[in-house]
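Student: I have a structure here that I have never looked at before. Can you walk me through it?

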Amino acid sequence: MLAIIMTMRSLFSDHSHYVASFQLFLKNSTEHQCMLEFIHKKLPHLISSISNGKAEINILSVGGGSGEIDLRILARLQSEYPEVIIHNDVIEPNAEQINSYKERVAKTSDLKNIKFTWHKETSLEYECRIMASKEMGKWNFIHMIQMLYYVKDMPATIRFFHSILEPGAKLLIILVSGRSGWAKLWRKYGPRLPLNDLCLYISSADVEEMLDGSGLKYQSYELPSDMDITDCFTEGSKTGELLLDFLTETCNFSKTAPLDLKNEIVEDLKKPEYSERRGDKYFFNNTLSAIMIEY
Ligand SMILES: C[S@@+](CC[C@H](N)C(=O)[O-])C[C@H]1O[C@@H](n2cnc3c(N)ncnc32)[C@H](O)[C@@H]1O
């Protein structure tokens, strides 16, 4: 009999599989809701120093994706400063994401006074190009939302983007909290999941540790969020399988993981360190951290 051995491979090696599981994650979690609450309630106050009576402000979005969150930030700033011209530059290496971003801009009314420029490159390519041209634009607000996992050198990336801030400007980083289920899952199981150099298992705890040693001034805010993972515990559930793929960043985890690893992770995910039980449902701790770094 011919035995087919399937090995575990990173979710990032299959873009459409990644997109399907990411969309399910968004549907089952309060990821975007908690960011929007932060953008509406806290952000304007935290970045009130960036405009300071200016007629124009420059915003740089690093890893802006399809622009869903970016446009919410811009709308919020526009409502605060209706007369100010906003130059919004986006660094994004993925062409599909840039196209979606442009379509979203085209479909959105009320974006007058905002000028968009897209740079199809990684943050490192952008950094090298800017350093070579010696034309260091200065930015009033830079944000990196759920993107620092994808850079090779997180401290150097933060230092570079901090160095191109104007006086009074701010750098915002949002990523999973060191107290979230993600950080615990990666700490315990990272070495047994498929290695890849595309994605680092980092959380706000790693960024804060780096910032504490760098002398940069910052404040952190927790954004409570959760994800309904109940389907992960129903054998054969397609939704559960895709959510497990997202949680473990592995393609077809249920079918390719060694049985002992699968059983351990599935059992752990029910525990209070990872998830809260409400009735017969389990909610994974998806808490995010917003780290605001000063000029
Ligand atoms: C999880 S998405 C977040 C998108 C958006 N910021 C949001 O929160 O909705 C991460 C984005 O970072 C982009 N990205 C990946 N590697 C990058 C890099 N080295 N430099 C800049 N962006 C990167 C990806 O293409 C993707 O669009």
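**Loops, helices and a ligand**

Tutor: With 17 C-beta neighbours inside 10 Å, Asn252 counts as partly exposed. The model is a predicted one.

Student: Where does Asn252 lie?

Tutor: Asn252 sits in the loop between β9 (250–251) and α11 (253–256). Asn252 is not a glycine, yet its phi is positive, about 50°.

Student: What about Asn52, what is its phi?

Tutor: Asn52 has a positive phi of about 45°, although Asn52 is not a glycine. Its place is in the loop between α3 (43–46) and β2 (56–62).

Student: And is Asn52 buried or exposed?

Tutor: Asn52 counts as exposed, because it has 12 C-beta neighbours inside 10 Å. The cut-off for exposed is 12 or fewer.

Student: Now the prolines. Where is Pro258?

Tutor: Pro258 is in the loop between α11 and α12 (259–269). It has 10 other C-beta atoms within 10 Å, so it is exposed.

Student: How far apart are Pro258 and Met8?

Tutor: In sequence they are 250 residues apart, but from C-alpha to C-alpha the separation of Pro258 and Met8 is 8.8 Å.

Student: Which strand holds Pro167?

Tutor: Pro167 is in strand β6. It counts as exposed because it has 9 C-beta neighbours inside 10 Å. The C-alpha atoms of Pro167 and Lys138 are separated by 9.1 Å, and the two residues are 29 apart along the chain.

Student: Change of topic: helices. How do α1 and α10 cross?

Tutor: The axes of α1 (residues 15–28) and α10 cross at roughly 100° and come within 9 Å. Angles of 65 to 115 degrees count as roughly perpendicular, so that is the term for α1 and α10.

Student: Which residues make the contact?

Tutor: On the α1 side they are Ala20, Ser21, Phe22, Leu24, Phe25 and Asn28, and on the α10 side Thr239, Leu242, Leu243, Asp245 and Phe246. By type, the contact of α1 with α10 has seven nonpolar residues, three polar and one charged.

Student: Why would residues on a helix a few places apart point the same way?

Tutor: An α-helix has 3.6 residues a turn, so residues three or four places apart point the same way.

Student: How do α7 and α9 cross?

Tutor: Helix α7 (residues 154–163) and helix α9 (residues 204–212) have axes that come within 10 Å and cross at roughly 60°. The two helices are therefore oblique to each other. The crossing of α7 past α9 is right-handed.

Student: What makes that contact?

Tutor: α7 supplies Met154, Pro155 and Ile158, while α9 supplies Asp206, Val207 and Met210. Five residues of the contact of α7 with α9 are nonpolar, none is polar and one is charged.

Student: Which residues of α8 are buried?

Tutor: In helix α8 (residues 181–189), the buried residues are Gly181, Trp182, Ala183, Leu185 and Trp186.

Student: What covers them?

Tutor: The cover over the buried residues of α8 includes β6 (165–176), α9, α10 (238–248), β10 (275–278) and β11 (281–285).

Student: Last one, the ligand. Which residues come nearest?

Tutor: There are 18 residues around the ligand, and of these Gly63, Gly65, Thr122, Ile145 and Tyr150 come nearest.

Student: How does that shell divide into nonpolar, polar and charged?

Tutor: The shell around the ligand has eight nonpolar residues, eight polar and two charged.

Note on methods. Residues are numbered from 1 along each chain as its sequence is written. This is a predicted model: local features need pLDDT of at least 70, side-chain atom pairs count only at pLDDT 80 or more; totals for chains, interfaces and linings use all residues. A residue is near a molecule or strand if its C-beta atom, placed from the backbone, lies within 6 Å of it. Ala, Val, Leu, Ile, Met, Phe, Trp, Tyr, Cys and Pro count as nonpolar, Asp, Glu, Lys and Arg as charged, and the others, Gly among them, as polar. Axes are lines fitted to C-alpha atoms, for helices over the stretch in contact, and angles run from 0 to 180 degrees between N-to-C directions. Helices (H or I, at least four residues) and strands (E, at least two) are DSSP runs, numbered from the N terminus. Angles under 35 degrees count as roughly parallel, over 145 as roughly antiparallel, 65 to 115 as roughly perpendicular and the rest as oblique. A crossing is left-handed if the near helix is turned anticlockwise from the far one by less than a right angle, and right-handed if clockwise. Two residues are in contact if their C-beta atoms, placed from the backbone, lie within 7 Å. A residue is buried if 20 or more other C-beta atoms lie within 10 Å of its own, exposed if 12 or fewer, and partly exposed in between; C-beta atoms are placed from the backbone.
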